[in-house]
Amino acid sequence: MIGQTLSLYIAPPDALENALHRLDSPDNHPLRARWVALYLLPPAISTGQVDLAFRIINRLEERKIQLPYDLITLSPVFDPIRNDKRFAVILTKARSRFETYLELLDDARARGELPPYLEQPLKDLRVRLGM
């Protein structure tokens with residue numbers, strides 16, 4: 001996989017564009033589509049193909065596949081596009097979904113159903129995200 005990812009960084013500019021078509025495959029399961037997108041995003045962003053990166057993200061959203069809020073907030077991969085207005089919209093949507101998940105976890109904790117091993121990682125993640 002490292003070799004495949006590296007090949008996207010040094011491949012001709014249209015290689016990423018061609019790889020994007022994998023997301024459109026009718027037999028592409030949502031989890032596979034998410035993996036393909038996460039595989040394509042770092043080289044697209046780091047090589048300055050910002051519009052392509054947003055097309056990848058939009059294709060995911062069209063397929064009802066969300067990028068995890070903690071990933072797009074904490075990963076330095078997304079630093080080059082953080083000031084883009086399109087990223088702000090994506091970040092807002094992702095945060096809203098993430099807050100819903102946190103509420104569900106808080107409800108589970110209140111009912112005594114949150115496994116103890118999740119307490120500290122969840123607390124640490126909230127701190128890192130400023131929540």
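**Group meeting: a helical chain and its aromatic pairs**

Let me begin with a detail of the backbone, namely that K64, which comes just after helix 4, takes a positive phi of about 65°. Please keep in mind throughout that what we have on screen is a predicted model.

Staying with helix 4, which covers residues 50-62, we can compare its length with expectation: at 1.5 Å a residue its 13 residues should span 18 Å, and since the end C-alpha atoms are 18 Å apart, the two values agree. As for which side chains of helix 4 are covered, the buried residues are L52, A53, F54, I56, I57, R59 and L60, and you will notice that an arginine, R59, is on that list.

Stepping back to the whole protein chain, the secondary structure amounts to seven helices and zero strands, so that, read from the N terminus, the order of elements is simply α-α-α-α-α-α-α. The chain has 131 residues, of which 33% count as buried, and it exposes about 8100 Å², with carbon and sulfur atoms supplying 58% of that area. If we take the contacts with a separation of 6 or more, 64% of them are accounted for by residues 24 or more positions apart.

Now to the aromatic rings, where a search of the whole structure finds two pairs. One of them is formed by Y69 and F98, whose centres are 5.4 Å apart and whose planes make an angle of 40°, and this pair is tilted. What does this pair tie together? Y69 lies in helix 5, residues 69-74, while F98 lies in helix 6, residues 85-110, so the pair links parts that are 29 residues apart in sequence. Both Y69 and F98 are buried.

The other pair brings together F78 and F87, with ring centres 6.1 Å apart and planes at 25°; an angle under 30 degrees counts as stacked, and therefore this pair is classed as stacked. Here too both partners, F78 and F87, are buried.

Finally, I would like to look at the loop between helix 5 and helix 6, which is where S75 is placed. Is S75 buried or exposed? Its relative accessible area is 15%, and because the cut-off for buried is under 20%, S75 counts as buried. Leaving aside residues up to four places away in sequence, S75 touches D70 and R82.

Note on methods:
Residues are numbered from 1 along each chain as its sequence is written. This is a predicted model: local features need pLDDT of at least 70, side-chain atom pairs count only at pLDDT 80 or more; totals for chains, interfaces and linings use all residues. Side-chain values use heavy atoms; hydrogens and water are left out. Helices (H or I, at least four residues) and strands (E, at least two) are DSSP runs, numbered from the N terminus. Buried means under 20% relative accessible area, exposed over 50%, partly exposed in between (1.4 Å probe, protein chains only). Contact means heavy atoms within 4.5 Å. Accessible areas come from the Shrake-Rupley method with a 1.4 Å probe; for residues, only the protein chains shown count as cover. Rings of Phe, Tyr and Trp (its six-membered ring) pair if their centres lie within 6.5 Å; planes under 30 degrees apart count as stacked, over 60 as edge-to-face and the rest as tilted. The expected span of a helix is 1.5 Å times one less than its number of residues.
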